[in-house]
Every structure is written in C-alpha cells, then in structure tokens.
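Here's a quick walk through a two-chain contact. Have a look at the model first, then read on.

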Amino acid sequence: MINEVLLQFGQWMEAQQYSQMLVAGYYSYSWLEATHVLTLMVSIGSLFIIDFRMLGWILPNVSASTIAERLHKPMMIGFAIMFITGFLLVYAKPVETIQSLWFRIKMVLLVLAFINAWIFNARMKAADGNWDNDSVAPRNLRVGAILSLVLWCGVVTMGRYIPYDWVDCDKTQNSTILWAAGCVDQLKAL
Amino acid sequence: MFSTILSQYKTTLTVFLVLLVIVGLEVLQVRAAIYPSLLPAFEWLKNSTPLGYIGTTYGSIYATVQAMHLLAMGTLGGLVLTTDLRLLGVMFRSTPSEVISNGTHKAFKVALIVAVLTGIFCAAGVADKVYYMPVFWVKMLALAAGAAFVFLVKQPLLNSKPHSEINPWIIRGMAITSILVWFTVAASGRWIGFS
C-alpha cells in the first residue's frame with residue numbers, strides 16, 4: 001500500500017514542469033549535485049569535529065561545549081543547504097529515486113541520525129557541566145558520538161550508492177528487495 | 001646580508017623557487033612534453049595492479065571507497081574551515097588561534113592521508129579515463145599546491161611565533177588562500193564525476 005502511494009506521489013512530481021526543467025537543464029542537475037556534495041564539508045565536517053572532540057580525538061584542551069556551540073550554526077546552515085538541494089535532487093528524478101533501495105536506507109539512517117542527535121543534545125544539556133573541560137566526554141555522550149559517526153558514514157555511503165544500478169527494479173527478481181525498493185510493477189509481475 | 005635574507009626567508013624563497021620552476025616548465029612546454037609519457041603509468045595502474053583490478057571488477061567495493069573518499073574530504077573541509085575561519089576571526093574568537101590551528105592539524109593530516117589513499121584507489125579504477133580529463137589534472141595540481149601550502153608555508157609560519165606577532169593581513173591572506181585552494185580540490189574532484 002505505502003509503495004503504491006509513494007509511486008503515485010513520485011509520478012505526480014515527475015509530471016511537474018519544474019521537475020522536468022531540472023533534469024533537462026544542461027547544468028542545473030550537476031550544480032545541484034555538486035552543491036549537495038560540497039556542503040558535506042560544512043555539515044558533516046562540523047559534526048565530525050564535535051563528535052571527535054567528545055571522543056577526545058581532537059582539540060582536547062578546548063571545552064566540549066565551546067566546540068559544540070560554535071560549530072552548531074555552520075553545521076545547521078550546511079544541513080539546511082543539503083536538505084534543500086537533496087529535496088530538489090529527488091524532485092528532479094522522483095520515481096527513480098523513490099524506487100531506489102539505497103535512497104530508502106539512506107532516509108531510514110537519516111531519521112535514526114536525527115533521533116540520535118536529539119538524544120545527544122538532551123543528554124548534553126542534562127549532563128553535569130564538570131566534564132566540559134575533560135579531554136573525553138562522559139560515556140553516554142561518547143556512545144552518542146560514535147553512533148553519530150556510524151550513522152552519518154552510512155548516510156554518505158548510501159548516498160554514494162544511489163547512482164549505481166545493482167538492485168534497480170529491472171535488475172533483480174528478489175521479492176524482498178523489490179518490496180523494500182518499492183518496485184510495484186515488478187512485484188506484481190512476479 | 002644576502003645570506004641573512006636567505007636564512008630568514010628559506011621557506012618563502014623555496015616556495016617562490018618552486019613556483020618559478022613550474023612557470024618555467026609551462027613556458028618551455030616541458031609539461032606538455034612529459035604528459036604523453038605518463039599515459040603508460042596510468043594504463044599500468046588500471047590494467048596491471050590489484051587496485052585497478054578491484055576497482056574495475058567489484059563495483060560495490062569501488063562505491064564504498066568512493067564514499068570513504070567523500071567522508072575524508074568532508075572531514076578535511078570541516079577542519080580547514082574551522083582553522084581558517086578562526087584565523088580570520090570569524091569563529092572561536094574566545095579561544096587562542098594557536099590552540100585551534102595546532103589542535104586540528106593532526107586530524108587534518110589523517111584526513112588528508114585517507115583522502116589521498118582512497119583517491120588513488122578511485123583513480124586506479126578509471127585511470128585511462130581520468131588521464132584525458134583536464135579537471136583531473138586541475139585537482140592534482142590544486143592538491144599538490146594545497147599540501148605544499150599547508151606544510152611548507154602555513155604551518156611553519158603559524159608555528160614560528162605567537163600569532164599576535166604575525167602581521168594580521170598575512171594571517172588573513174593565508175586563511176583565504178587555504179580555503180580557496182581546498183575548495184578548488186573538492187570542487188574539481190566533484191566535477192570529475194560529471195566529465
């Protein structure tokens with residue numbers, strides 16, 4: 001049911017004039033993709049520095065809260081640009097993207113990464129400030145930092161897999177993969 | 001007097017000399033003459049090395065290493081921006097710039113090593129293709145320039161004395177140059193994918 005709804009939504013988006021313009025433009029899609037990837041340096045770059053600091057791998061003599069506070073703004077600006085360009089990339093090729101297994105895994109990992117970030121922030125606010133100048137953060141924050149690193153590595157890796165066609169709807173007959181990727185027509189044909 | 005200048009500005013003069021040699025090589029068309037002789041090395045990298053074999057045979061490994069390359073470049077970019085924006089006085093103003101530049105340099109080196117190693121693997125799989133791409137050579141030159149700038153100019157100068165004793169315009173110029181060079185490396189790398 002959900003796959004049918006998503007496919008219909010994708011087909012509706014694909015029929016939009018602006019969606020077709022984004023793909024038809026000689027440079028528009030490439031510029032979007034380049035901006036999406038290059039903004040990694042601001043978003044993931046800032047996030048990883050915060051995580052590395054929590055683990056004591058970097059800048060141990062600067063308080064953890066200073067690192068987190070100062071890098072929060074550039075990180076959020078980076079993520080905002082990534083989400084806007086990411087949405088436009090999906091908007092340009094909606095059916096192809098919605099039926100990509102890697103895109104779906106990426107979205108799940110993204111949600112998990114944001115839940116983790118929310119918990120991490122709440123724990124940081126609740127934590128006793130005495131650790132702030134320690135070279136390593138308390139255990140629960142370190143776990144959050146490792147989870148953040150793992151989840152974002154997964155997000156980037158899945159993003160990199162999207163252009164590859166290993167498990168595209170017309171490349172596999174495995175019903176589980178077809179269901180997970182939302183290949184509605186191919187599932188019916190099985 | 002000449003020897004005093006030489007000893008005081010050894011690194012600057014070395015960089016200037018290297019730049020002069022590069023311009024000389026270009027003017028005398030030495031680079032153009034060397035360029036064709038590099039093709040066999042690129043063909044060997046793709047056809048006769050394990051890197052080339054894995055890169056062309058196992059798409060999933062190739063894509064995973066590409067992702068690692070992206071992550072390394074993303075981390076490197078974050079470290080460069082953090083350090084250079086501090087040098088420009090935009091971020092971390094309450095923290096001494098020496099602390100930030102020294103504290104990020106080790107991680108910068110690790111990110112650079114990972115980016116270079118994964119980059120060699122990525123290039124090996126498509127070596128005969130990237131050889132003909134001007135943007136690939138732009139990336140290589142920018143990478144060489146970036147590494148030379150960091151290790152021969154920026155770090156030696158930042159470590160030579162307290163930053164307050166260095167002319168602030170030199171520090172700002174260095175930070176802007178660093179951001180521009182590393183952005184060129186990343187942007188040209190992205191453009192390889194479109195070529």
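From the N terminus on, chain A runs α-α-α-α-α-α-α-α-α-α. That comes to 10 helices and 0 strands, with helices being DSSP runs of H or I of at least four residues and strands runs of E of at least two, numbered from the N terminus. This is a predicted model, where local features need pLDDT of at least 70, side-chain atom pairs count only at pLDDT 80 or more, and totals for chains, interfaces and linings use all residues. Residues are numbered from 1 along each chain as its sequence is written, and chains are lettered from A and ligands numbered from 1 in the order in which they are written.

The C-alpha atoms of chain A fill a box of roughly 60 × 35 × 25 Å along the principal axes.

Now for the contact between the chains (C-beta atoms, placed from the backbone, within 7 Å). Chain A puts in 27 residues and chain B 26 residues.

Helix 4 of chain A gives the most, with 9 residues.

What does helix 4 of chain A meet in helix 5 of chain B? Its residues Leu40(A), Ile44(A) and Phe48(A), among others, meet a set including Leu70(B), Gly74(B) and Leu81(B). The axes of helix 4 of chain A and helix 5 (residues 59-87) of chain B come within 7 Å and cross at roughly 80°, with axes being lines fitted to C-alpha atoms over the stretch in contact and angles running from 0 to 180 degrees between N-to-C directions. The two helices are therefore roughly perpendicular (65 to 115 degrees).

Terms used:
Two residues are in contact if their C-beta atoms, placed from the backbone, lie within 7 Å. Angles under 35 degrees count as roughly parallel, over 145 as roughly antiparallel, 65 to 115 as roughly perpendicular and the rest as oblique.
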